[in-house]
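We will walk through it together, one piece at a time.

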Amino acid sequence: MPQVPQVLGVVAVRTWCSLALAALGRDRAEIDAINVYPVADGDTGTNLYLTFESAHQAVEAVFTGLEAGREPAAPTLPEVMRAMAHGALIGARGNSGTILAQLLRGMAQVLADSGGGDGGHDSGADAGVLRLALLRAADSAREAVAHPVEGTVLTVATAAAQAASETEGDCGAVLRAAYEGACAALDATPGQLTALRRAGVVDAGGRGLVVVLGALSEAVSGQAAPVRGRGDGGPARVEAPLAPTDEAPLECGEEPGVAGPAFEVIYLLEADDRAVARLRTRLDALGDSLVVVGGDGLWNVHVHVDDAGAAVEAGVEAGRPYRIRITHFGLGDAHAARSSAPPRERAQRAVVAVVPGDGLAGLYAEAGATTVPDRPGEPPASGELVEAIRRAHAREVVLLPNDAELRHTAAAAAEQARSEGVRVALIPTRSAVQGIAALAVHEPDRRFDEDVVAMTSAAGATRYAELAVAERQSWTMAGICQAGDVLGLIDGDVAVIGGEVPATARTVLDRMLAAGGELVTLVLGDEVPDEVADGLEQHVRETYLAVDTVVYRGGRQSAPMLIGVE
């Protein structure tokens with residue numbers, strides 16, 4: 001019986017995502033440890049994991065019908081690949097993650113344009129299409145980098161694509177060749193890049209790409225990719241690192257004793273192609289490690305600069321930047337390693353909190369908390385929480401998820417941090433107003449257990465509510481709601497159905513205060529005017545004696561209003 005040729009179908013892509021995410025999670029620490037180029041900040045493995053986690057979530061959303069207004073259905077290969085690429089684009093972290101997002105986008109463009117193979121959208125991509133997809137991925141990644149350097153992930157991607165293009169057979173054979181070509185190129189990276197040779201390591205980004213390609217090969221063939229030297233699973237360090245006294249040429253732009261840019265700036269950008277072309281030129285003059293990926297009006301911008309404000313302003317001139325992340329390269333990275341400054345000491349205790357809006361993020365930050373954004377429709381993944389715990393750089397961490405749906409995600413992040421030696425206490429806050437109450441009684445100078453008990457008690461003593469707008473007709477515990485109705489949820493359940501925000505909020509407050517209370521907290525979304533808060537505050541003052549009201553602006557958040565009663 002003839003063997004059926006292996007193709008890349010939707011099931012294989014879904015399996016690829018799961019296998020690659022698991023493998024990157026397993027090898028994250030090793031990849032972080034060998035991260036020396038372009039900046040030795042020890043986060044390449046983490047950035048690749050977070051980027052692929054976002055891609056994985058997007059693919060799962062297509063399969064499970066979690067996207068708004070979509071029922072569960074069998075997706076096509078173009079749909080799955082576009083979702084994967086989009087997920088990686090919006091979740092890309094760092095230099096390596098941004099390049100990985102463009103590699104996936106390049107593959108998705110070919111696979112979507114081809115229709116998924118000769119048999120139609122659902123039949124899968126054949127070997128010929130896959131060869132073109134790998135070539136396009138490597139080319140598009142190079143085009144996205146302002147100044148490509150050999151000995152990096154770009155070299156590994158090109159080698160994989162070339163090996164695939166020279167191989168006959170089905171998709172399984174093509175991917176095995178791509179994987180083996182990537183492994184060989186990875187092993188050669190120390191000979192191409194002085195920074196790697198000095199440290200005695202292979203390229204961290206390339207190491208991560210080998211993991212991703214190995215997972216893809218396994219997903220299609222059903223056979224685990226073989227361990228090939230340092231390429232996958234073997235030692236990531238070379239046998240004879242270059243001694244500090246050895247003569248070696250410097251990389252382009254590298255000067256002895258001169259520190260690189262102080263900040264990493266990343267943001268998503270809505271802009272047209274011409275504006276992005278001008279942005280590339282301006283950012284290239286401001287700093288280095290410039291990578292701009294994406295297209296069709298949505299871009300992910302990454303650059304290392306000394307003037308972070310100027311990099312953001314350039315984005316504003318080009319279009320609409322958002323999800324702006326600015327990271328100062330701290331002590332211990334490549335820029336600081338050239339000085340004799342001691343490594344930064346860990347703080348004794350820190351608070352890490354998930355917050356739903358920019359306004360609350362500022363409030364929490366002023367209180368000393370490290371924040372993780374909870375964007376509408378895009379809850380943070382466990383990797384983001386772990387990254388925030390690491391960023392807090394403390395021996396003890398109190399974690400506030402501020403969302404009942406994040407309890408499992410937060411628990412996984414806490415367990416990961418504990419395995420890294422951080423003492424973590426997870427307080428199961430279900431709303432940001434409970435987190436505010438907990439943060440208000442936080443005292444870092446008292447014993448950890450006592451502080452956690454006090455914060456837990458304060459959160460537990462705070463009833464929480466939120467207003468939401470119904471998207472469609474539905475049954476609720478308060479009756480049938482219609483699309484556009486304002487829903488008042490108390491402690492997670494729909495308790496009030498109204499027509500307007502002010503009236504619904506008053507009814508919710510009356511129900512909550514019927515059981516007593518001393519302090520009302522209102523967190524307003526962008527679309528709620530100040531007059532609404534003024535009216536509610538007056539209502540509480542006139543109706544309930546000795547009850548105070550505090551009002552915060554939450555910024556852009558999923559709920560028009562959050563309410564807390566202590």
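What follows is a short tour that starts with a sheet and ends with a few single residues.

This is a predicted model, in which local features need pLDDT of at least 70, side-chain atom pairs count only at pLDDT 80 or more, and totals for chains, interfaces and linings use all residues. Residues are numbered from 1 along each chain as its sequence is written, and side-chain values use heavy atoms, with hydrogens and water left out.

Let us begin with the sheet. Helices (H or I, at least four residues) and strands (E, at least two) are DSSP runs, numbered from the N terminus. Two strands pair if DSSP finds at least two bridges between them. Six strands build an open sheet with mixed pairing, in the order β13-β12-β9-β16-β14-β15. β13 (493–498) and β15 (548–555) stand at the edges with a single partner strand each, so one side of each has no neighbour in the sheet. From one strand to the next, the twist averages 20°, where axes are lines fitted to C-alpha atoms, for helices over the stretch in contact, and angles run from 0 to 180 degrees between N-to-C directions.

Now find β16, residues 561–565. Five bridges join this strand to β9 (residues 463–469), and the two run antiparallel; here Tyr 464 has Gly 564 as its bridge partner. β14 (residues 519–525) is also antiparallel to β16, again with five bridges, and Leu 524 stands opposite Met 561. β14 and β15, by contrast, run parallel and are joined by seven bridges.

Are the residues of β16 buried or exposed? Five of its five residues are buried, meaning under 20% relative accessible area, while exposed is over 50% and partly exposed lies in between (1.4 Å probe, protein chains only). In a regular strand, side chains alternate between the two faces of the sheet. In β16, Met 561, Ile 563 and Val 565 point one way, and Leu 562 and Gly 564 point the other way.

Next, some cysteines. Cys 17 is buried, at 0% relative accessible area, and Cys 481 is buried too, at 2%. How many disulfides does the whole structure hold? The search finds zero, a disulfide being a pair of cysteine sulfur atoms within 2.5 Å.

Finally, visit Ala 262, in the loop between α9 (204–221) and β1 (263–270). Ala 262 is partly exposed, with a relative accessible area of 21%. Its C-alpha atom is separated by 6.2 Å from that of Val 305, 43 residues apart along the chain.
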